[in-house]
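Q: I'm new to this one. Can you walk me through it?
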Amino acid sequence: MRFKSTYWFSLSLLLFFIHPLFANQVLSPNPTVTNPFVEVAPENVVAKDLPNNSGKVLQVSWNFPDTLPIMPRTIKIYRYEHDTISKHIADVTPNVKSFLDTSVMNGIPYRYSVQAEYPTGIVGGLISEPAIAKAEWFDRSKINLFVIALILVSFILGYIFYSEKGQRLFIRKIAGIQAIEEAVGRATEMGKPVLFVPGTQDMDNVQTIAGLTILSSVAKMTAKYETKLDVPVSRSITMSTGRETVHEAYLAAGRPDLYSDDIVHYITDEQFGFVAAIDGIMVRDRPAACIYMGAFFAESLILAETGNGIGAIQIAGTAMPTQLPFFVAACDYTLIGEELFAASAYLSGDKRSIASLKGQDMGKAFAIVLIAVTALFSTLSVITGNEFFTNISTFLLNLTISK
Amino acid sequence: MSELSFADHLALWVGAALTFMIFSFLYKDNPFYKFAEHLFVGVSAAYWMVVGFWTTLIPNGIGKVFPEMVSIFLPNLSDTTPNYYFLIPIILGIMMLTRLFGSIGWISRWPMAIIIGFSAGTNLTRYLQSDFIHQVHSSSVPLVVLENGSFAWMATFSNVVLVFGVIAALLYFFFSLEHKGIIGGASKFGIWILMITFGAAFGYTVMARISLLLGRFEFLQKWLQSFLV
């Protein structure tokens, strides 16, 4: 008898410990149910993979009442990997009903348990069905973005093919572009240098690329007129690319003898250190023309004010909306926003760049039509309350929603 | 102020002296400004080099491929599994250094081309989403607004300015047509809208700059109090 009772006790103990490994829904670590009528546990714990992403994230959701006689202190979330080891991954407030676990690996099944921690103890602990995070090739929520991109790209490609056939594309004159040659000419007459600042950002900023394209045209002019050019930069890769650009321009102008690596020189990555150095260069070298083309931040007004103080002709171009007011106030000419990119295409004289500009114009026309038509149908919907107008305006608005 | 340590006093005096040196530029260029300028440039260039070395080159470059090599400096990398994909940026970085050797300097154009191409490609969808689609969506509003069944004057006016202002500003940036006739009139309205926006932004930012100046004056006041009070 003694052997039998010990045997049954050991077997029960063993089953008690190993049964979570086989059960689909079992109690998770240390739940202490005290009064299930007052201390309510989270129910219907569901884990699922989210669609339209690169995986590595699972959503855990559960049901839990918004009002209770006693509110829990916190909701505890546990994760089971391979159904064996539980790991406490997060605590959330009781009003939260779902949690995104971004620390999972793709292709591995995970189960979750959600418990409510009350001042008197912990309740809950049902374990969810397994969920597996997986990556998807396409984000279907962005199909409208894809279609609009296709439309815009087809405009640009269409104009490129059109220009390749030898057709001339018209671009209107931009005042700031005309002023660049005047500024270089003025510096040549005065025997003073031209200062060119290609912004304070790196080559991953499209404004810096546009600035360096304009630098190429400016360098061709300075090479042609034998005018000194000074290009201080704040990023090492911008320096390398700037040197390549200026070198190519001097070669194209037939004056490689005038080129020196010192034309494009690095100062510092620090924004205000860079500005302090340029201010010093301005007051000491007294350039006759200061050209700022690229991405600028708080340094824009300091640069433009100092350039104004030394009496230089100043031309600026940036697509930073917050800095444009300062350039407009303190410079002689300012290329506003897209004019910077237009100037780079115009000055490069490259057929593809000009065709690209024409294609972008069609994109703007597309935007104008879309805004006007949507505004019209929204207005008709408000005035008449007609369902037909409402449906059309909703459809048009949904076209431009992108997550 | 008596509780300030010697180091605090030193920092206050150095900070105040450098502030006056920079302010002296308001009069004209002078040796004090030159000293502060060169100190700032030198210290910041060295600082960013050290930051780049310890936050990029060591942990993200060598540390990802040969974690055991840098585990002496960064012990948390000792258990990291080598990720040989990071050899690609290391090789690209070495290719950039070929600029130092004239005969093979052309190799440095490849990493530059990759950086520019990658930036252009990734920015295409980012800007298309944030600067095009979202803007079109936010600007597509009804020209008449009713609130509780009655006409809302201010909201209607706001929406009318928004829709016509955006269309006019877009027409200003239309480069395929001369700014003449109707297009000229609309683009003139567009540039007025832009200038009014710039004026508001100018005033707002100048206020922010004045608060920065006040911050510097507060620092100088603290410095004065450190030896006067």
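Q: How many bridges join strand E13 of chain A to E14(A)?
A: There are 4, and the two strands run parallel. E13 of chain A covers residues 313-318. Strands here are DSSP runs (E, at least two residues), and helices are DSSP runs too (H or I, at least four residues), numbered from the N terminus. This is a predicted model: local features need pLDDT of at least 70, side-chain atom pairs count only at pLDDT 80 or more, and totals for chains, interfaces and linings use all residues. Residues are numbered from 1 along each chain as its sequence is written, chains are lettered from A and ligands numbered from 1 in the order in which they are written, and side-chain values use heavy atoms, leaving out hydrogens and water.

Q: Which residue in E14(A) is the bridge partner of A:Ile315?
A: A:Tyr333.

Q: What is the strand order in that 6-strand sheet?
A: E11-E10-E9-E12-E13-E14 in chain A. The sheet is open and the pairing is parallel. Two strands pair if DSSP finds at least two bridges between them.

Q: Why do E11 and E14 of chain A each have one side without a neighbour?
A: They stand at the edges with a single partner strand each, so one side of each is left without a neighbour in the sheet.

Q: Which strands does helix H9 of chain A lie across?
A: E12, E13 and E14 of chain A. The helix, residues 338-348, runs at about 100° to E14(A). Such angles run from 0 to 180 degrees between N-to-C directions, with axes fitted to C-alpha atoms, for helices over the stretch in contact (heavy atoms within 4.5 Å).

Q: What about helix H5 of chain A, where does that lie?
A: Across E10 and E11 of chain A, at about 170° to E11(A).

Q: Switching topic. How many residues does each chain give to the contact?
A: Chain B gives 55 and chain A gives 69. The area buried between them is about 5,600 Å², with 71% from carbon and sulfur atoms. That is the accessible area (1.4 Å probe) that the two parts lose on being put together, summed over both.
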